[in-house]
Amino acid sequence: MHNYIWASLWVSFGGMLWGLDTGIIGPVTAMPGFADSFGSFSPTIHGLIVSSILLPAAFTSFFAGHLADKVGRLNAISIGAAIFAVGASLEAGALSLAMFIPGRALAGVGEGFFLSTVVVYICEICPPERRGPVASLVQLLTTLGIPSGFFICYGSVNIKSSYSWRLPFILQAVFATALACTGPFLPPSPRWLVDRGRTSQIGRAMERLQLDLQQFQEELESAGPATGDTNEPPARQSYQRLLWVFRADNRRQAFLGMFLMGAMQFSGIDAVLYYAPTVFREAGLSSTQSSFLASGITGILIFISTIPASFLSDKWGRRTSSLWGAVTMAFCMLLIGSLYASGSVHENQGAARWIVIVTIYLFTISYSITWSIGFKLYVSEIQPPQTRSAASSLGQSANWVSNFIVALITPIFLDYSSFGAYYLFGVSIVFTGLVCLMYMPESRGKSLQTIHREFDESLHVKVIRALGRGWSERRREQGGRKVKEPKRMESMESSMSDLSKPEKAKELSP
């Protein structure tokens, strides 16, 4: 196995850290031991506890691209992982919510730095024909982290002390420390070395990654000069990345990426994962262990379905999988909402509660094999080389802002309405599907340097051009008919003027 795959696999453990937190926080806040330590809290406070990691992550991910451009992809990952480890340690040792919530916020700061950089690093070190499956390792390990978090909590819930909820955060801190310590020893991104002008180091990096140097040089030559290049030194250019994202030739890809990353959360996936015990309890699984077990099964299904999706990510198109995902997920959410709205779901009887549980599982499987892999990979792929890091960071920031909103409002929705949240997510999925249909060109199997050249060929552009041609033709036809009559009038006027001339009148007189 090539070294670039090993390097990608190791940094992908950043995704596992995210998955662990996603799988841990819902069950932890539902544990009796957590309530014994911090007391009972309202749905609003519950949402604040869960979502407090997300806004700091969104804020720091906004600047993660600049950090990754300045100090390198791997150093940015290590810095973020170290900060995350400190935050997880504060969570594990918290004596009150006033200590626990800032610990989660600090973990979010670190998460924002490392997670948005991981996919960029992998995309930059992988050859085009292997990029899809290898970049999918991040999502694969994220989905491994989710059931791992659920089952860690399932095993620790019976500990007769506060370690029942502290142990999961201790394990998080250990994993984050390991990632922080080993990152600087991996080979740097050759594309980052080109960007920083360190051409003398490229050959060594390519050798360590076991990549074809000639193919890499051909890709750079075929791409031509990067849009937005200036005569300024690389250190000065890195400060301009965020501004370059919004240039006319780059902003369309950036805005689409931000929208897709935000739309992932408004599908409702993290509402299901963060509050899985609550969701399954409403569906009729009343005991704590039963709801934890059902939550763990959700995580297992996500992980299992992600494995074939990772290997097949380059077999079907990003756009095709996105559209099929929108259809199936919208159906699931709207079906669950309709069952709750009609009063068909009862806690201890009826088939409707089992339909809800099975549909939740189908929803998570559909998400895992379509949007979860395709969107994250696509958002990094479509960006021009000179703005890829900054634009990917903006996309991840949009993802976390949306995640914060969803995590905050979901317990409130579930407390006041059993069906409102599902209808909200269903409509959001339908809208996202329409955007994918109109604005999402295919990127599968194309070189990173050339994808943005074909970005103008998306379906909506073709439709608009076709409509424009039809409109222009109709205008010309209408204009042609209108022009004929003035020509006749001009002829008559010319004849009358001729008649007014004595010479012409004499010629025409009998």
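Colleague: Which residues make the nonpolar surface patch of about 570 Å²?

Modeller: The structure shown is a predicted model. In it, Leu334, Val427, Val430, Leu434, Leu437, Met438 and Tyr439 make this patch. Helix 24 is the element that gives the most to the nonpolar patch, contributing six residues. Leu434, for instance, has its place in helix 24.

Colleague: How many helices and strands does the protein chain have?

Modeller: The protein chain has 27 helices and zero strands. The chain exposes about 21700 Å², and carbon and sulfur atoms supply 64% of that area. Of its 510 residues, 52% count as buried. Among contacts with a separation of 6 or more, 83% are between residues 24 or more positions apart.

Colleague: Which residues touch the most other members in the largest nonpolar core?

Modeller: The general idea comes before the case. In soluble globular proteins, nonpolar side chains tend to be buried together. In this model, the largest nonpolar core has 60 residues, and Phe34, Phe100, Tyr121, Ile122 and Trp165 touch the most other members. Helix 7, which spans residues 97-125, supplies the largest share of this core with 11 residues. There is also a second, separate core of 43 residues, including Met261, Val345, Phe363 and Phe375.

Colleague: With which residues is Ile122 in contact, leaving aside its neighbours within four places in sequence?

Modeller: Ile122 is in contact with Ser8, Val11, Ser12, Val134, Ala135 and Val138 once those neighbours are left aside.

Colleague: Why does Asp21 count as buried?

Modeller: The cut-off for buried is under 20% relative accessible area. Asp21 has a relative accessible area of 1%, so Asp21 is buried. Arg104 has a relative accessible area of 0%, and therefore Arg104 is buried.

Colleague: Which residue forms a salt bridge with Arg104 with the closest N and O atoms 3.1 Å apart?

Modeller: That residue is Glu91. Glu91 is buried, as is Arg104. Through shared partners, salt bridges join Asp21, Glu91 and Arg104 into one network.

Colleague: What is the distance between the closest N and O atoms in the salt bridge of Glu124 with Arg73?

Modeller: In that salt bridge, the closest N and O atoms of Glu124 and Arg73 are 2.8 Å apart. Glu124 lies in helix 7 and Arg73 in helix 6 (residues 73-92), so the pair ties together parts that are 51 residues apart in sequence. Glu124 and Arg73 are both buried.

Colleague: Aromatic rings remain. How many aromatic pairs does the count come to?

Modeller: A pair of aromatic rings is described by the distance of the centres and the angle of the planes. In this model the count comes to 17 aromatic pairs. The rings of Phe34 and Trp165 have centres 5.4 Å apart and planes at 85 degrees, so this pair is edge-to-face. Phe34 is in helix 3 (residues 32-38) and Trp165 in helix 10 (residues 163-182), 131 residues apart, and the pair thus links distant parts of the chain. Phe34 counts as buried at 0% relative accessibility, and Trp165 is buried with a relative accessible area of 0%.

Colleague: Are Phe259 and Phe431 buried or partly exposed?

Modeller: Phe259 is partly exposed, with a relative accessible area of 27%. Phe431 is partly exposed as well, at 48%. Their ring centres are 5.9 Å apart and their planes at 75 degrees, so the pair of Phe259 and Phe431 is edge-to-face. Phe259 lies in helix 16 (residues 251-265) and Phe431 in helix 24 (residues 420-439), so the pair ties together parts that are 172 residues apart in sequence.

Colleague: Which residues form one aromatic cluster?

Modeller: Phe34, Phe38, Phe41, Phe100, Trp165 and Phe169 form one aromatic cluster. Of these, Phe34, Phe100 and Trp165 are among the residues that touch the most other members of the largest nonpolar core.

Terms used
Residues numbered from 1 in each chain as written. Predicted model: local features only at pLDDT ≥ 70, side-chain atom pairs only at ≥ 80, totals over all residues. Heavy atoms only, no water. Core = buried A, V, L, I, M, F, W, Y, C linked by side-chain atoms within 4.5 Å. Buried < 20%, exposed > 50% of the residue type's maximum accessible area, 1.4 Å probe, protein only. Helix = DSSP H or I, 4+ residues; strand = E, 2+ residues; numbered from the N terminus. Contact = heavy atoms within 4.5 Å. Salt bridge = Lys/Arg side-chain N within 4 Å of Asp/Glu carboxyl O. Phe/Tyr/Trp six-rings, centres within 6.5 Å; stacked < 30°, edge-to-face > 60°. Patch = residues over 30% accessible without salt bridge, like charges linked within 9 Å, V, L, I, M, F, W, Y side chains within 5 Å. Areas by Shrake-Rupley, 256 points an atom, 1.4 Å probe, with all protein chains shown as cover.
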